[in-house]
2 protein chains.
Amino acid sequence: MLGIGDDAAVVEAPRGESGALQWVLAVDTMVETVHFNAATMAEADVGWKALAANVSDIAAMGGVPRHALVSVSVPRAWEPARIRRLYDGLYACAERYGVAVVGGDTTSSPAQLVVAVTVVGTVTAGKAVRRSGAMPGDAVFVTGPIGMAAAGLHFLLAAAGGGEQCVPLAAAEAAGTAALVQAHRRPAPSVRAARMLAARGTVTSLNDVSDGLASEAWEIAESSGVKLALRESQLPLSGSMAAYARRSGIAPLEWMLYGGEDYVLLGTIAAKDAAEAKAALAAEGLPMYMIGTVEEGNAGVELIQEGPHSGWSQAAAKERRVSLAKRGYNHFE
Amino acid sequence: MLGIGDDAAVVEAPRGESGALQWVLAVDTMVETVHFNAATMAEADVGWKALAANVSDIAAMGGVPRHALVSVSVPRAWEPARIRRLYDGLYACAERYGVAVVGGDTTSSPAQLVVAVTVVGTVTAGKAVRRSGAMPGDAVFVTGPIGMAAAGLHFLLAAAGGGEQCVPLAAAEAAGTAALVQAHRRPAPSVRAARMLAARGTVTSLNDVSDGLASEAWEIAESSGVKLALRESQLPLSGSMAAYARRSGIAPLEWMLYGGEDYVLLGTIAAKDAAEAKAALAAEGLPMYMIGTVEEGNAGVELIQEGPHSGWSQAAAKERRVSLAKRGYNHFE
């Protein structure tokens, strides 16, 4: 029904089953030195995050994650206790999201740790939410603050100072960046929000923010053939991220647009249901931020900035539009 | 229903589906320098074999492979053409076995190639064939010759002479080892045989020979609480393997018992149905070799050798029994 190219594949239930459910399948890989290193993530964090990234992909289809299979290629130098800690983190995430780990293959690796996780889930037949349904007039939303994971990674790399010692959470707590570090190490996918939103039938597209808000918005825009206009003042800004950005002399917008790995959901919803959906999520303690609108036009993503700011060509302008680059998140590169 | 510990997991169809089918899930990983190197396998061979190993796991449960998800961590130095060739081989295997590749994640790897494949299949509810059902009196069978893949690897490592140039198939053809090399590079799992055998309802245990005949027989013996007595004279011996073993001064029995990666099936079947099952498979052009019997006793695997041979303690003995070590296949180690 839907193969490579979305967050997860959706396949028809094979003959012999009722058509009431479809399968949703996703795979994600984490490679040491590419997605993390010994300083930024402890073993248990790697286990948690490898599964969470897949759980988020299933959520981004409106699906329910059910089963996981794990492939771990372990550096020869590792002691068994390190592998156990990796699985402890993975099982903690599995328990949190009601996922049964039903298969695993542990092999040795000549050098780096490689963890590939596959998650199999289900979705009500015909109800998977794709990237391609955004329509002009829809509201654009996210289900949580963005840029925190990137800020956390920035802190970790700075705190590690090129060393290989895992940066302790206590160091982040002392620096007021614990929430950012945990956003990077222990992402919490929006599974409940996804199910509630998908069930409304008014959500027209859905992506998880794995590669950065701009990149994910571009995916929806191109798949749907629309323009997404995001309003800078409405982007949910984490207080601790703003404080850390200020101290670091970095513009928080860079992290928010291009940071990635937040694993919140970005989607579009029929405008007439936006307020009610937001209220329904709020009643369950789940955030939903309206951050823009879908417009007709060439596929693209624009950021509406409110002004005037110094340096704007028209000093009196109330707002201006900036086209956002399609570039995504490049991890350590 | 059945988690880690067999060839593949079997999970209940989730609520909302009929109980007519269950899911079968398997994952396998291939790591460069651990499972293969540049001399022993071309890129397309790696792609084929990574999928075939999983297809074989699904077959070993009596299931039908349906969907695959692929995680490839590609060395930075690779040109795109090499990745394409890897996927070409994988897709060729997918087409051969009717598997739809529905998901993929390609990441970079700092050094070695790592390929992890997950296959999702189905099995008629309650009909998955486990390792644990072998009963005294059952016949033991395999669905093809064994040891060929190990002999092929032996040839490849010798032909490469420590170099990194992929050994061309022409070199194997010239040496009369092409069938052995192809058994190593392009294993052909016994999917049709598995389905036919599982449908009979008389197969009491089933494993695929990924880690060597002795190791797989031990798994069945321990899971079922029985002894497997294999008869050396009935083990299917490939002519080209025997010839290559003779030339190399190696005992073919070593490859046959401990070689691994043959991806044929080892199983047990009610004795009264053995001949009929063999005939049914033969009618479809599929081999089935009866190689021993299941006996009561402590879990273990014995090889019955027929004699007399020089060096036997009783020169007049017609046969003797040797306990087989539980050791499996260690790839390059």
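The legends below describe close-up views of aromatic pairs, charge-over-ring contacts and a helix crossing in a predicted model.

**View 1. Tyr87(A) and Tyr91(A) in helix α2 of chain A.** Over all chains, the structure holds seven aromatic pairs. One of them joins Tyr87(A) and Tyr91(A), a tilted pair with 6.3 Å centre to centre and 35 degrees between the planes. Both residues belong to helix α2 of chain A, which covers residues 80–97. Tyr87(A) and Tyr91(A) are four residues apart, about one turn of the helix. Tyr87(A) has 16% relative accessibility and so counts as buried, the cut-off being under 20%. Tyr91(A), at 38% relative accessibility, counts as partly exposed.

**View 2. The stacked pair Tyr244(B) and Trp255(B).** The ring centres are 5.9 Å apart, with 5 degrees between the planes. Because Tyr244(B) lies in helix α8 (residues 239–248) of chain B and Trp255(B) in helix α9 (residues 252–258) of chain B, the pair ties together parts that are 11 residues apart in sequence. Tyr244(B) is buried, with a relative accessible area of 5%. Trp255(B) is also buried, its relative accessible area being 8%.

**View 3. An aromatic cluster in chain A.** Three residues make up one aromatic cluster: Phe155(A), Tyr244(A) and Trp255(A). Two of the cluster residues, Phe155(A) and Tyr244(A), also take part in the contact between helices α3(A) and α8(A); that contact is the subject of View 4.

**View 4. The crossing of helices α3 and α8 of chain A.** Two packed helices are described by the angle between their axes and the distance between the axes. Here the axes of α3 (residues 148–160) and α8 (residues 239–248) of chain A come within 10 Å and cross at roughly 40 degrees. With that angle, α3(A) and α8(A) are therefore oblique to each other. The crossing in which α3(A) passes α8(A) is left-handed. On the α3(A) side, the contact is made by Met148(A), Ala151(A), His154(A) and Phe155(A). The α8(A) side contributes Ser240(A), Met241(A), Tyr244(A) and Ser248(A).

**View 5. Arg327 over the ring of Tyr258 in chains A and B.** In chain A, Arg327(A) lies over the face of Tyr258(A), at 3.8 Å from the ring centre. In chain B, the ring of Tyr258(B) has the charged end of Arg327(B) over it, 3.8 Å from the ring's centre.

Terms used
Residues are numbered from 1 along each chain as its sequence is written. Chains are lettered from A and ligands numbered from 1 in the order in which they are written. This is a predicted model: local features need pLDDT of at least 70, side-chain atom pairs count only at pLDDT 80 or more; totals for chains, interfaces and linings use all residues. Side-chain values use heavy atoms; hydrogens and water are left out. Rings of Phe, Tyr and Trp (its six-membered ring) pair if their centres lie within 6.5 Å; planes under 30 degrees apart count as stacked, over 60 as edge-to-face and the rest as tilted. Buried means under 20% relative accessible area, exposed over 50%, partly exposed in between (1.4 Å probe, protein chains only). A charge sits over a ring if NZ of Lys or CZ of Arg is within 6 Å of the ring centre and within 35 degrees of the ring normal. Axes are lines fitted to C-alpha atoms, for helices over the stretch in contact, and angles run from 0 to 180 degrees between N-to-C directions. Angles under 35 degrees count as roughly parallel, over 145 as roughly antiparallel, 65 to 115 as roughly perpendicular and the rest as oblique. A crossing is left-handed if the near helix is turned anticlockwise from the far one by less than a right angle, and right-handed if clockwise. Contact means heavy atoms within 4.5 Å.
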